[in-house]
Amino acid sequence: MGGEFQYDLYETRSITIAMFDKDNIVVRELYKNQEVLPGPHHLKFNFDATAFEDEYYFVKVIDNGEIVINMKIDMPERRRDG
């Protein structure tokens with residue numbers, strides 16, 4: 001699974017981007033920095049998602065403790081052999 005986020009900050013902020021399950025439990029942190037400096041930022045991420053078996057997850061961007069983006073990600077069905 002992979003993706004990217006671009007954002008521009010006008011002041012130093014705490015930014016966390018994480019993947020949550022349907023029970024709102026963090027299952028993977030994609031990015032966490034308590035003091036992101038002002039200016040443009042571009043974050044790319046890529047990881048093996050085969051360990052995540054739920055039908056869907058949420059990727060949330062949290063800015064100074066406030067959820068500013070909450071995206072539902074449907075996981076593709078996997079073919080099960082045998």
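How many aromatic pairs does the structure hold? In this predicted model, the count comes to 5 aromatic pairs. One of them joins F45 and F47, whose ring centres are 6.3 Å apart and whose planes meet at 25 degrees, so that the pair is classed as stacked, given that planes under 30 degrees apart count as such. Both of these residues, F45 and F47, are buried. A further aromatic pair is formed by Y56 and F58, and this one is edge-to-face, with 5.7 Å from centre to centre and 85 degrees between the planes. Y56 is partly exposed, its relative accessible area being 25%, and F58 is likewise partly exposed, with a relative accessible area of 22%.

The ring of Y56, which pairs edge-to-face with F58, has K72 lying over its face, at 4.3 Å from the ring centre. In another such arrangement, the charged end of K60 sits over the ring of F20, at a distance of 4.6 Å from the centre of that ring.

As to the confidence of the prediction, the mean pLDDT of the protein is 90, and 94% of its residues reach 70 or more. Confidence is lowest in strand β1, which spans residues 2-9 and has a mean of 90, whereas strand β2, covering residues 13-20, has the highest value, at 96.

Terms used: Residues numbered from 1 in each chain as written. Predicted model: local features only at pLDDT ≥ 70, side-chain atom pairs only at ≥ 80, totals over all residues. Heavy atoms only, no water. Phe/Tyr/Trp six-rings, centres within 6.5 Å; stacked < 30°, edge-to-face > 60°. Buried < 20%, exposed > 50% of the residue type's maximum accessible area, 1.4 Å probe, protein only. Lys NZ or Arg CZ within 6 Å of the ring centre and 35° of its normal. pLDDT = per-residue confidence, 0-100. Helix = DSSP H or I, 4+ residues; strand = E, 2+ residues; numbered from the N terminus.
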